[in-house]
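This briefing is meant to be read beside the sequence and the structure.

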Amino acid sequence: MSIYLIPFISAFIGWFTNWIAIKMLFHPRQPMKLGFMTLQGIFPKRQRQFAEKLGKLVADELLSFEDIREKLTDPQKIKNIIPLVEDHLEHFLRVKLPEAMPVLSMFIGDSTIKQIKDVLVKELDTLFPMMIAQYLDNVKDELDLERIVTDKVAAFSSDKLEQILQGIMSREFRFVEIIGGVLGFLIGMLQLLMA
């Protein structure tokens with residue numbers, strides 16, 4: 001065997017060991033007994049801990065319940081739904097109320113409909129933030145983002161988790177493999193120079 005093959009063999013070994021290391025992040029999915037040692041991929045083995053850390057990260061750093069509350073109770077967003085409410089009230093006062101109470105509709109003209117609508121819209125403008133706040137208080141315990149994210153990620157199949165992480169980090173994994181080959185080649189060259 002030619003001594004000049006050492007850098008290429010070292011490059012292959014560097015690439016191969018990094019490739020194996022990346023595969024072992026996900027495989028074997030189920031624990032495998034090898035004599036006194038048990039092998040299992042890092043992500044399948046630690047999926048629950050990974051899910052808990054991710055759930056905590058999402059709830060503490062990315063999207064808290066208070067962030068959701070702030071968005072849903074934003075006065076401008078509430079004002080944006082008022083035209084829809086006005087249209088609905090208009091339809092109710094002009095169509096549904098006369099159908100339900102024909103006698104009453106004889107006493108309600110355009111100016112009365114406008115007054116009723118204006119009073120109701122003004123009242124709803126005050127009522128909506130209180131209703132939304134009350135609703136959010138009622139669902140706060142059910143909308144535990146940390147628990148929701150943790151449970152969802154923990155329930156992922158190992159295939160799905162691998163697919164997600166490969167989708168996010170495929171370029172980085174490929175870079176690690178290439179770096180292994182490059183470093184292996186350089187070490188082989190160094191060995192060749194020292195021989």
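In this predicted model, the secondary structure of the protein amounts to nine helices and two strands, and from the N terminus on the elements follow the order α-β-β-α-α-α-α-α-α-α-α. The radius of gyration is 32 Å, whereas a compact globule of 195 residues would have one near 16 Å.

**Overall dimensions and surface**

- Taken along the principal axes, the box filled by the C-alpha atoms of the protein is roughly 110 × 35 × 30 Å.
- Of the 195 residues, 25% count as buried, and the accessible surface of the protein comes to about 14,100 Å², with 66% of that area belonging to carbon and sulfur atoms.
- Among contacts between residues at least 6 apart in sequence, 70% join residues that are at least 24 apart.
- The protein carries 23 positive and 25 negative side chains, and the centres of these two sets are 8 Å apart.

- Not counting residues up to four places away in sequence, Leu136 touches Phe65, Arg69, Leu72 and Thr73, while its C-alpha atom is separated by 25 Å from that of Ala51, a residue 85 positions away along the chain.
- Glu177 belongs to helix α9 (residues 158-194) and, because its relative accessibility is 7%, also counts as buried.
- Once neighbours within four places in sequence are left aside, the contacts of Glu177 are Trp15, Asn18, Trp19 and Ile22.

**Aromatic pairs**

- The structure holds nine aromatic pairs, one of which is the stacked pair of Phe16 and Trp19, with 5.9 Å centre to centre and 25° between the planes.
- Phe16 and Trp19 are separated by about one helical turn, because they are three residues apart in helix α1 (residues 6-23).
- Phe16 is partly exposed, with a relative accessible area of 35%, and Trp19 likewise counts as partly exposed, at 29% relative accessibility.
- Phe26 and Phe173 form an edge-to-face pair, with 6.2 Å centre to centre and 75° between the planes; since Phe26 lies in the loop between α1 and β1 (32-34) and Phe173 in helix α9, this pair ties together parts that are 147 residues apart in sequence.
- Both Phe26 and Phe173 are buried.
- Ring pairs also link Phe12, Trp15, Phe16 and Trp19 into a cluster.

How values were computed. Residues are numbered from 1 along each chain as its sequence is written. This is a predicted model: local features need pLDDT of at least 70, side-chain atom pairs count only at pLDDT 80 or more; totals for chains, interfaces and linings use all residues. Side-chain values use heavy atoms; hydrogens and water are left out. Contact means heavy atoms within 4.5 Å. Helices (H or I, at least four residues) and strands (E, at least two) are DSSP runs, numbered from the N terminus. The radius of gyration is taken over C-alpha atoms; the globule rule is 2.2 Å times the number of residues to the power 0.38. Buried means under 20% relative accessible area, exposed over 50%, partly exposed in between (1.4 Å probe, protein chains only). Accessible areas come from the Shrake-Rupley method with a 1.4 Å probe; for residues, only the protein chains shown count as cover. Lys and Arg count as positive and Asp and Glu as negative; His and the chain ends are not counted. The place of a charge is taken as NZ of Lys, CZ of Arg, CG of Asp or CD of Glu. Rings of Phe, Tyr and Trp (its six-membered ring) pair if their centres lie within 6.5 Å; planes under 30 degrees apart count as stacked, over 60 as edge-to-face and the rest as tilted.
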